[in-house]
Amino acid sequence: MIIVMKLDLTATSLEVAEVVRIAERYPGVTTQVRQIQGTSRAVTEVYLLGSTAGVPSELFEQFPGVERVIRIRERYRAIGKHDGQASAIGFEYNGLTFSQDTFHLFAGLCAVDNREHTEVMFKALQGMGLKTARAGAYKPRTSPYDFQGHGAECLPYVFELAGRYGIKVVAMEVTHESHLDEIAQALEASGQATGVMLQIGTRNAQNFELLKIVGQQTEFPVLVKRGMGITLEESLHACEYVASGGNTRIIFCLRGVKTHLGDPHRNLVDFSHVPVVRRLTRLPVCVDPSHSVGKKVRSSDGLYDIHHVTAQGIVAGANMVLVDFHPNPDRALCDGPQALMLNELQHFVEDANLVRATYLKRVELAASAASTAAPPRVG
Ligand code: PEP
Ligand code: MN
């Protein structure tokens, strides 16, 4: 059960404490108070967990501070879209807003290899007016003999350069809890030159202890990637782990699933799930065309498959794109074959913006079609 408090109330309000006190008088019921940033407003919600079947909603509905009481039947308690809740979980981070209504492009290095490449990458992003980037420091690799990322060693120059070129948020995968401390320390040493969105990679979508750790901190937002060999529902439960720890600043990322049925692409592209995730959850949705397609090949129309699947994700409502670029893909230490070149950045950005504008027009068209459509016939 979720008790949504009135707008002016915060987690420390007396009315919230009263709801918690009464709820916890029921045997087997525990509570969690969450402050949810919706797209247009912040809401305080009290979650009643455990044996809530015998708790009457009417009791709480009469409280002066309570806006509404929602009984949850769906699986996704914290991230799900339940009737009457703020329509989406949006959040602000380092001056940028992320929600089901916004759009951001995170382009950059799959793996940071050196300072020079990092600098030209960030400079190119700044040249296109972008304030968000990807930069991998900790790389989970299939073979232990492959490049594992420079780890903490590269963080000082990554953050310094991000700050210098106006990058506000860097998406960066973490594979161990110690990485959170290393990132926080390096950010502090850089004078908080930029912000970091912690990325949970596909291989860690069921690393429940890591999910709990990124969920128990609220300093950094979290980008959770779909598990490559599990169902969508199982992957969304990864987000539920993060949210139930207390951190609802989450973005869910589709990145394809592993099956030979996706050949000749690296993975079977799953961007048709963008509207599904938007419907089931309140989370912004990201697509990763690079790790889905895995190679830079052109179709007969002159566009890369990476362009095409990016467009498929955006036209279906994706709120974020995570894409690999590299100044010299032949020399990249990780995933060079799927990296686009810096002189291809402008085309990529313009193509993505074109498709985003089309998506927004599709939404308008759908709204006007719904308002003029005859009401459904009953009986
Ligand atoms: C990545 O984005 O760097 C990455 C390793 O992706 P995935 O976890 O989706 O394979
Ligand atoms: Mn990669």
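Searching the whole structure gives five aromatic pairs, where rings of Phe, Tyr and Trp (its six-membered ring) pair if their centres lie within 6.5 Å, and planes under 30 degrees apart count as stacked, over 60 as edge-to-face and the rest as tilted. This is a predicted model, in which local features need pLDDT of at least 70 and side-chain atom pairs count only at pLDDT 80 or more, while totals for chains, interfaces and linings use all residues. Residues are numbered from 1 along each chain as its sequence is written, chains are lettered from A and ligands numbered from 1 in the order in which they are written, and side-chain values use heavy atoms, with hydrogens and water left out.

**Aromatic rings**
- Phenylalanine 60 and phenylalanine 63 have ring centres 5.6 Å apart and planes at 40 degrees, so this pair is tilted, and both residues are buried (under 20% relative accessible area, with exposed over 50% and partly exposed in between, for a 1.4 Å probe and protein chains only).
- Phenylalanine 98 and phenylalanine 106 also form a tilted pair, at 6.2 Å centre to centre and 45 degrees between the planes; phenylalanine 98 is buried at 2% relative accessibility, and phenylalanine 106 is buried at 0%.
- Phe91, Phe98 and Phe106 belong to one aromatic cluster.

- Cysteine 110 sits in the loop between strand E7 (104-109) and helix H3 (115-127), and aspartate 335 in the loop between strand E14 (320-324) and helix H11 (345-372), so the pair ties together parts 225 residues apart in sequence.
- Cysteine 110 and aspartate 335 are both buried.

**Cysteines**
- The count of disulfides is zero, a disulfide being a pair of cysteine sulfur atoms within 2.5 Å.
- For cysteine 154, the closest cysteine sulfur is that of cysteine 110, at 12 Å, which is too far for a bond; cysteine 154 is buried, with 0% relative accessibility.
- For cysteine 286, the closest cysteine sulfur is that of cysteine 253, at 3.5 Å, again too far for a bond; cysteine 286 is buried, with a relative accessible area of 0%.

Note on methods
Helix = DSSP H or I, 4+ residues; strand = E, 2+ residues; numbered from the N terminus.
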